[in-house]
Amino acid sequence: MYNLRLSSEQLEIRDTVRDFVEREIKPVCLKAERLEALDRRLPMELLEEASQLGLRTLALSEERGGAGADALTSCIVTEELAAGDPDIAATLAETSALARTLFDQLMSQGQRDRFLPQFLRDDRYHLAFADREPGNDDTLGVNYHRPETSETSIKTSAVRAGNVWIVNGIKDCVANAPVAKLLAVRARTGASGASTFLVPRETPGLGVREPDPSERWFHGSCGEVVFRDCRVPPENLLEQEVESADGRGWPQALNLGIGRAAYEAALEYAKLRVQGGRRIVEHQAIGAKLAEIAIRLEVARSIVWQAAWASDHLEAVADRSLADLPLQAVAKVFTSEAVYQAVKDAAECFGAMGVMRDMPLQKYVHDALVCLHSGHGNSDAKLRIAEALAGYRRGSAAPARVAESM
């Protein structure tokens, strides 16, 4: 049964992360000098501290050394982290989701024995999934109501040469690439087939190029990965392929955290700012605007939580407790549009101060805009919902992203 009441453990986790964000993340990431300089460098020390709290291994099973958190708990944590800094939230969420997919589901026991101890031991050991090719347009677009054929678009090649695979090619927009110490890389291994290889960051022939900071349009850490005669041993070949996305709703939870941070800042300011002898929160115009923000965020949280819960309870769709719709797509469309409007309204509560570079509101607006246009945008998500409404069931001809990059 779908229940909005959080368990005592979930409440404790939420409160612990919220306290960490208030004490450690916000004082660094919302510092006026950092905002003024538009400095979006990842604070690695904070990432390391968050890892020590168990947030990097949150979704990894307890059997493998993680917390074994379900999708809803992961979304709660991501929202809390994003209220402090969405880049930290995105990096940790990507690694956590990939850890669950790779270590719990896809790796052989031998691969797990080699890579898992390193991952658990090193608080700066992050993961990345390299699948996107430069210039590829994998939006639904012309494939609406048609099978996708993205296998043929893989240009990165892996050729067997004796006892090694030699990988050549380029992967673009790889989330976590600059900080990852292990990458899962999809490469073409034959005329029509593709496989996934585990490639440690220090492997000769592997290079990472970070984008120009002035062109930054993502959350977290992202980069281009280049393979030049990169030699990968055959034991690093995954026996199974990634058949479905396992982000389990964290991009929408991240978006929600951005909206909540803007709302809390606006509400606090409205309670302090006095105009006409009264706090502006007592003026109808500001009060109504804050109420609209609160409504949008509460409704968005409901659909994000429902989609997260549904990803762990597929039987709820089978027995018709929930609609047979792509709930993650529904959550993305509604949350991104609702949060963007919410942060703009929050900025208006500050008047002219809302656009000053040393104030966090301009950052919240930018972050919400990134979420609104991330991935393939809402047009693609709406088409996927439309396919479900028409009864079209998209096959799994090609593996999808493990965790949707922001």
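**View A. Surroundings of Ile25 in the predicted model.** Ile25 is in contact with Phe20, Leu46, Leu81, Gly84, Asp85 and Ile88, leaving aside its neighbours within four places in sequence.

**View B. The largest nonpolar core.** This core has 51 residues. Ile25, Leu81, Leu254, Leu361 and Tyr364 touch the most other members. Two or more residues each come from α1 (8-29), α3 (44-52), α4 (71-84), α5 (86-106), α7 (250-272), α8 (284-312), α10 (327-348) and α11 (360-372). Helix α7 gives the largest share, ten residues. In soluble globular proteins, nonpolar side chains tend to be buried together.

**View C. The aromatic pair Phe103 and Phe119.** The model holds four aromatic pairs. In this one, the ring centres are 5.1 Å apart and the planes lie at 35°, so the pair is tilted. Phe103 sits in helix α5 and Phe119 in helix α6 (residues 109-121). The two are 16 residues apart, and the pair links distant parts of the chain. Both Phe103 and Phe119 are buried.

**View D. Around the ring of Phe119.** Phe119 forms one aromatic cluster with Phe103 and Tyr125. Arg56 lies over the face of Phe119, at 4.4 Å from the ring centre.

**View E. Arg320 in a loop.** The loop runs between α9 (315-318) and α10. Arg320 counts as exposed because its relative accessibility is 76%. From Arg320 to Ala253 the C-alpha to C-alpha distance is 25 Å, and 67 residues separate the two in sequence.

Notes:
Residues numbered from 1 in each chain as written. Predicted model: local features only at pLDDT ≥ 70, side-chain atom pairs only at ≥ 80, totals over all residues. Heavy atoms only, no water. Core = buried A, V, L, I, M, F, W, Y, C linked by side-chain atoms within 4.5 Å. Buried < 20%, exposed > 50% of the residue type's maximum accessible area, 1.4 Å probe, protein only. Helix = DSSP H or I, 4+ residues; strand = E, 2+ residues; numbered from the N terminus. Contact = heavy atoms within 4.5 Å. Phe/Tyr/Trp six-rings, centres within 6.5 Å; stacked < 30°, edge-to-face > 60°. Lys NZ or Arg CZ within 6 Å of the ring centre and 35° of its normal.
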